[in-house]
Amino acid sequence: MFERPDVGERAVLVHIDFTVHDGTEDPGEFRELVTSAGVEPVDTVTGSRKQPSPRLFVGEGKLEEIRDAVAANEADIVLFNHALSPSQERNIERELKCRVLDRTGVILDIFAQRARTHEGKLQVELAQLEHMSTRLVRGWTHLERQKGGIGLRGPGETQLETDRRLLRERIKSINKRLEKVRKQRDQGRRARKRADIPTVSLVGYTNAGKSTLFNHITTSTVYAADQLFATLDPTLRRLELPDIGPVVMADTVGFIRHLPHKLVEAFRATLEETVQASLLLHVVDCHDNRRDENIEQVESVLAEIGADEIPMLQVFNKIDLLEDFEPRIDRNEEGIPVRVWVSAVSGQGLELLFDAIVERLAEDVVHHFVLLGPADGKLRALLHEAGSVLSEEHRETGDTVVEVRLQNRDWLQLLSRAGAEESTVRLEDG
């Protein structure tokens, strides 16, 4: 029941501009969404009106135009670049005599195709069920005509109620299983926190190149393609960074303009990797005409899930599509890296990106010249064991000056293990 429905291969797209409503969807992006779903757009019907019609969303004349486009192109389905109410969807289907799907339905269909892991499939099914629960009547319209009376009393209502109960039970069961997955994820995160392993999470608008960048950085093989929502399941990989040590890199689902709230909720577990990150890498397609709008959209979703306070480094990707553009790091007034220009495809600028990540994560790295006497042998041995000694100079007095660079927390741990107090350690200027 919940496998991807066979929506057919040929679709008529409908995009209406409303003067009363702000935030109109982008018809070009919708076309990309439809293509990503494996459907061939054969015609696009556009128009404008003040506000949607409560019954049919569009006016009678526009409905006639859509009907003609369906007949002329032998289309199997009509896709609206808008959110339709269940009754509008049913009324339009009745008029056009073919399947009708709104923007949310198209996104759900793509999600159903892309989910790979057990968790991803559960999340997709949950979103599908919640979307479907408001549209159940469609399957039972043939029973609505039956009136009451002996032998005919309410079979349609009974079947609908049965279906609704089954749906509610299934939604409850999926929520329980997802809660279990969240707890397992939480345990993993807590273990990483105990081990002080920072998490770097890739976020960004869908199709900005996150997975390609992730694969390049981690030499991984995550599915990456030039289509919307290529990644749905969160993927974690471990990296070693100079001065920082082990770091966990997370690739997450791409954001999209007006992502339905049901999907934001259903994919909460996926996005929790983002909420708990030490640093966000906001990947931006710098070649996209709507670059600034996409950045705003991602930042608004981050605020919605409570991740807007996390330190962020913007990664302006796809500089290979710009003419004569060299990779570089942009810094703020305090000299902190805020933006890196790279190409995930050609690998240009990735070394600069690593430097910027290290710099942002190493804001609590200490660089000391420690004066050690003959009695400080244990601390000297521990510093060497941690691999944090950059240079060593022996003095005629028998003392040694050791240049060290390491995370502040590791420095304090080593002092504790050596039985030394930070206030008693002798430091020299470099």
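In which kind of crossing, left-handed or right-handed, does α2 pass α3?

## The crossing of α2 and α3

The crossing is right-handed, with α2 passing α3. The contact draws on Leu63, Ile66 and Arg67 from α2, and on Ile92, Glu95 and Leu96 from α3. Sorted by class, the contact of α2 with α3 holds four nonpolar residues, two charged ones and no polar ones. The model described here is predicted.

Two packed helices are described by the angle between their axes and the distance between the axes. For helix α2 (residues 60–73) and helix α3 (residues 86–96), the axes come within 10 Å and cross at roughly 55°. That angle makes α2 oblique to α3, because only angles from 65 to 115 degrees count as roughly perpendicular and only those under 35 degrees or over 145 as roughly parallel or antiparallel.

## The chain as a whole

The chain contains 14 helices and 15 strands. It has 430 residues, of which 49% count as buried. Contacts between residues at least 6 apart in sequence can be sorted by their separation along the chain: 70% of them join residues at least 24 apart.

Which residues of helix α1 are buried? In this helix, residues 27–36, they are Glu29, Phe30, Leu33, Val34 and Ser36. These residues cover an arc of only 160° around the axis, so they lie on the same side of α1.

After α1 comes Gly38, which has a positive phi near 85°. Val39 belongs to the loop between α1 and β2 (40–49). Val39 has a relative accessibility of 6% and therefore counts as buried, the limit being under 20%. Another residue, Asp76, is 37 residues from Val39 in sequence, and their C-alpha atoms are 10.0 Å apart in space.

## Helix α3 and its surroundings

The buried residues of α3 are Gln88, Glu89, Asn91, Ile92, Glu93 and Leu96. Against which elements do the buried residues of α3 pack? They pack against helix α2 and against the strands β3 (77–80) and β4 (99–101). Two of these residues, Ile92 and Leu96, also take part in the contact with α2.

With a relative accessible area of 15%, Ser53 is buried.

## Two lysines with positive phi

Lys97 follows α3 and sits in the loop between α3 and β4. Its phi is near 55°, a positive value in a residue other than glycine. Is Lys97 buried or exposed? Lys97 is exposed, because its relative accessible area is 70% and the limit for this class is over 50%.

Lys318 also has a positive phi, near 70°, and is likewise a residue other than glycine. Its place is the loop between β9 (312–317) and β10 (328–331). Lys318 counts as buried at 17% relative accessibility, whereas Lys97 is exposed.

## The crossing of α8 and α12

Helix α8 (residues 210–218) and helix α12 (residues 350–361) have axes that come within 11 Å and cross at roughly 80°. The two helices are therefore roughly perpendicular to each other, since angles from 65 to 115 degrees fall in that class.

Which residues make the contact between α8 and α12? On the α8 side they are Leu213, His216 and Ile217, and on the α12 side Leu350, Leu353 and Phe354. By class, five residues of this contact are nonpolar, one is polar and none is charged. The contact of α2 with α3, by contrast, includes two charged residues.

Gln407 is part of strand β14 (residues 400–407). At a relative accessible area of 2%, Gln407 is buried. Along the chain, Gln407 and Ile244 are 163 residues apart.

Conventions. Residues are numbered from 1 along each chain as its sequence is written. This is a predicted model: local features need pLDDT of at least 70, side-chain atom pairs count only at pLDDT 80 or more; totals for chains, interfaces and linings use all residues. Side-chain values use heavy atoms; hydrogens and water are left out. Axes are lines fitted to C-alpha atoms, for helices over the stretch in contact, and angles run from 0 to 180 degrees between N-to-C directions. Helices (H or I, at least four residues) and strands (E, at least two) are DSSP runs, numbered from the N terminus. A crossing is left-handed if the near helix is turned anticlockwise from the far one by less than a right angle, and right-handed if clockwise. Contact means heavy atoms within 4.5 Å. Ala, Val, Leu, Ile, Met, Phe, Trp, Tyr, Cys and Pro count as nonpolar, Asp, Glu, Lys and Arg as charged, and the others, Gly among them, as polar. Buried means under 20% relative accessible area, exposed over 50%, partly exposed in between (1.4 Å probe, protein chains only). The arc is that of the directions from the helix axis to the C-beta atoms.
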